[in-house]
Amino acid sequence: MVKQGSDYKIGWYEETTWNQAPAGTDTSPITYNVVGKIESISFEISPTVEGLYDIGSRDVKTFYDGRREYGMSLEFLLTDKSILSSLLGGKSITVWLNDGGNDILLSGLVLDSMELSVAIDEAVTVSLDLVGGGLSTTAPSYASLPDQPSDIPVMFKDVSVSQDGSDISTKVQELSVEVSESPETIYAFNSVEPQKIVFGTREVSGSITLELVDLSELNDVLNGTEHNLSITLGTLGTLDVSGVRYEAYGQEIAPEDLVWLPLDFLAKSVSLS
């Protein structure tokens with residue numbers, strides 16, 4: 001029987017110990033958490049397969065398996081900030097998928113990269129790339145998956161943006177923030193499975209498109225001015241992007257078009273509260 005995306009349920013849970021899928025007990029069952037309004041899910045388990053040759057033949061003699069890699073990508077409309085809080089806080093999570101008959105659990109997942117974006121007439125969209133430490137096809141004990149959210153996702157009209165404490169929401173047409181955690185998976189002798197994942201340097205970048213009012217952003221670029229952006233996500237919380245520096249200034253002008261000011265930026269840090 002061919003499966004459809006509508007057959008699937010999904011939930012996540014923050015791990016107490018890396019790469020150990022959370023489970024409940026008979027006296028304290030747990031329900032995994034809602035991700036958001038799912039747009040797409042993809043995952044991949046990649047054993048490194050190498051072919052071995054021998055003299056006397058041009059053909060592969062045998063195969064051997066090297067280390068295994070686990071990855072997952074999620075795209076969803078924002079209805080809850082919890083998964084972002086855990087991942088931006090450096091925590092690991094387990095994601096549990098069920099297709100109506102089969103269970104797949106990817107554990108030890110940490111943030112590789114994140115993009116949060118919003119534009120006029122759109123919902124806040126989050127894309128996550130995760131790397132993990134293991135996989136299981138057994139459902140966790142005394143645990144259940146959540147119903148998918150009935151909440152309306154955070155829309156553009158719910159988002160406000162301030163720069164250095166001053167509200168600039170009426171100038172903003174679209175906005176995106178990207179975070180890269182540069183995780184490194186560590187392997188060891190006598191196992192093909194990941195042993196741990198350590199974080200490298202964090203890179204924060206993004207883009208913002210503004211109404212063209214004056215030349216203040218040009219002066220920011222020329223003078224290397226740094227700003228702090230606060231993005232309020234409805235009632236869910238605020239994404240603070242600190243040490244924002246606009247990379248370049250430019251305009252595209254055509255007689256029949258409105259003129260907007262697209263700005264790419266780098267930033268020093270990001271936090272969600």
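Buried means under 20% relative accessible area, exposed means over 50%, and partly exposed lies in between, with a 1.4 Å probe and protein chains only. The model is predicted, so local features need pLDDT of at least 70 and side-chain atom pairs count only at pLDDT 80 or more, while totals for chains, interfaces and linings use all residues. Residues are numbered from 1 along each chain as its sequence is written, and side-chain values use heavy atoms, with hydrogens and water left out.

Q: What share of the chain is buried?
A: Of the 273 residues in the chain, 37% are buried.

Q: Why is T94 called buried?
A: Its relative accessibility is 0%. The cut-off is under 20%. T94 therefore counts as buried.

Q: Where does T94 lie, and what is it in contact with?
A: T94 lies in strand β5, residues 93–98. Strands (E, at least two residues) and helices (H or I, at least four) are DSSP runs, numbered from the N terminus. Contact means heavy atoms within 4.5 Å. Setting aside neighbours within four places in sequence, the contacts of T94 include W12, Y13, Y32 and L106. Y70 is 24 residues from T94 along the chain, and their C-alpha atoms are separated by 12 Å.

Q: What makes R245 partly exposed?
A: R245 has 42% relative accessibility, and therefore counts as partly exposed. That class runs between the 20% and 50% limits. R245 is placed in strand β17, residues 238–246. Leaving out neighbours within four places, R245 is in contact with G224, T225, D264, F265 and L266.

Q: Why is N190 called exposed?
A: Its relative accessible area is 82%. Exposed means over 50%, so N190 is exposed. N190 is found in the loop between β13 (183–186) and β14 (196–199). N190 also has a positive phi of about 70 degrees, although it is not a glycine.

Q: Why is Y142 partly exposed?
A: Y142 has a relative accessible area of 49%. Exposed needs over 50%, so Y142 is partly exposed. Y142 sits in the loop between β8 (134–136) and β9 (143–144). Its phi is positive, near 50 degrees, in a residue other than glycine.

Q: What makes a set of residues a nonpolar core?
A: The members are buried Ala, Val, Leu, Ile, Met, Phe, Trp, Tyr and Cys residues joined through side-chain atoms within 4.5 Å. The largest such core has 50 residues, and I83, L84, M114, L128, I208 and V241 touch the most other members. Strand β6 (residues 103–119) gives the most to this core, six residues. Apart from it lies another core of six residues, among them I30, Y32, W96 and L145.

Q: How do you know where a pocket is?
A: Rolling a probe the size of a water molecule over the atoms shows where empty space is left. On a 1 Å grid over the protein atoms alone, a pocket is an open set of points where a 1.4 Å probe fits, with protein on both sides within 12 Å along at least five of seven lines. Lining residues have an atom within 4 Å of a point.

Q: What is the volume of the largest pocket, and which strand gives the largest share of its lining?
A: The volume is about 150 Å³. A volume is the space filled by probe spheres set on the points, which are joined across faces, edges and corners. Strand β3 gives the largest share of the lining, four residues. Among the lining residues are Y8, K9, I38, F43 and Q148.
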